[in-house]
Amino acid sequence: TVANILKKDRQLEVVHLLVEGNSLRSISRLTGVNLRTCLRILVKVGNACQTLLDERMRELPLRHVQVDEIWTYVAKKQARVSLTDPDATIGDQYVFIALDTDSKMIASYAIGKRTSDMARRFMMDLVGRLVLGNPFEYPTVQLSTDGFKPYWEAVDLAFRGNVLYGQIKKVFRNAIRPYTPSEIVASERRIIYGPDRSQERTICTSHVERSNLTIRTFIRRFTRLTLGFSKKLENLNAAVALHIAHYNFCRVHGTLGKTPTMAAGLVNDIWTLEELYDKAMT
């Protein structure tokens with residue numbers, strides 16, 4: 001028998017709705033495509049985008065990289081995970097994001113538990129994508145993170161001192177009250193690597209924290225206080241890869257007037273969704 005393969009234009013219709021923040025069930029209703037087929041398209045195209053990002057996000061001459069994590073979960077929240085659950089991937093998951101301050105490009109990302117091991121893996125991946133200066137001269141790349149303690153060791157292991165690294169700790173008021181916005185009342189900046197005190201005022205994670213809003217807006221499974229969540233880690237990985245590839249290569253940034261990869265000098269033009277699909281699937 002001949003396999004029933006959905007036509008390319010129908011697949012692109014599904015992908016287009018995915019990157020615009022629609023849920024799989026709503027896409028199935030809007031397009032008439034079976035729900036399982038929509039999920040298979042997400043996983044297939046998402047995995048292809050992950051490979052594309054791994055190949056394209058290399059030799060990046062970035063000036064200032066900001067790092068943050070965004071929370072989500074797989075199957076159930078961590079409080080409901082028991083010792084009898086056989087799958088170690090369920091429960092809380094974090095997406096580690098490295099954002100270029102100038103071009104707003106997501107240079108690297110990783111998905112996993114918020115642990116020291118995951119922080120090390122993420123920093124090793126990030127350092128492999130950047131163009132660093134001479135290790136015997138003044139560092140050319142600045143790195144800003146929040147106060148997550150494992151970052152200190154992870155950055156030391158990955159960059160071996162060849163980076164201007166600082167942490168910023170923000171103090172919020174009403175942070176424990178549910179469903180109400182927290183108010184920042186103080187911030188503390190600390191230089192970890194770098195002898196220049198003027199670097200202290202440039203330590204910042206505001207841009208990457210703003211990108212969390214974009215992620216929660218355009219990946220339905222990240223939207224808070226809804227039924228959207230990932231049942232499998234594989235689905236989460238594919239959804240994040242698809243979003244980041246589309247964000248980097250196709251979505252025009254409102255302030256820059258161009259895509260992040262254009263602003264970073266990685267490509268010369270705006271990719272259409274079909275171009276992204278073709279380049280990822282070939």
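## A network of charges

D54, R58, D125 and R129 are linked in a network of salt bridges. Please keep in mind that this is a predicted model. One of the contacts to look at is the salt bridge between the side chains of R58 and D54, with an N to O distance of 2.9 Å.

How accessible are these two partners? R58 is partly exposed, with a relative accessible area of 32%. D54 is also partly exposed, at 36% relative accessibility.

Side chains of opposite charge can pair when their charged atoms come close. Counting pairs with a side-chain nitrogen of Lys or Arg within 4 Å of a carboxyl oxygen of Asp or Glu, the model has twelve salt bridges.

Which parts of the chain does the pair K8 and D278 link? The side chains of K8 and D278 form a salt bridge at 2.8 Å, N to O. This pair links distant parts of the chain: K8 sits in helix α1 (residues 8–19) and D278 in helix α9 (residues 273–281), 270 residues apart. K8 is partly exposed, with 33% relative accessible area, and D278 is partly exposed as well, at 30%.

## A pair within one helix

The side chains of R10 and E13 meet in a salt bridge, with 3.5 Å from N to O. R10 and E13 are three residues apart in helix α1, so about one helical turn separates them.

For R10, the relative accessible area is 28%, which makes this residue partly exposed. E13 is partly exposed too, with a value of 33%.

Which strands pair with β4? Strand β1 (residues 64–74) pairs with β4 in the parallel sense, over three bridges. In this pairing, Q66 stands opposite S144 of β4. Strand β5 (residues 164–173) also runs parallel to β4, and four bridges join the two. There, T145 stands opposite Q167 in β5.

Technical notes: Residues are numbered from 1 along each chain as its sequence is written. This is a predicted model: local features need pLDDT of at least 70, side-chain atom pairs count only at pLDDT 80 or more; totals for chains, interfaces and linings use all residues. Side-chain values use heavy atoms; hydrogens and water are left out. Buried means under 20% relative accessible area, exposed over 50%, partly exposed in between (1.4 Å probe, protein chains only). Two strands pair if DSSP finds at least two bridges between them.
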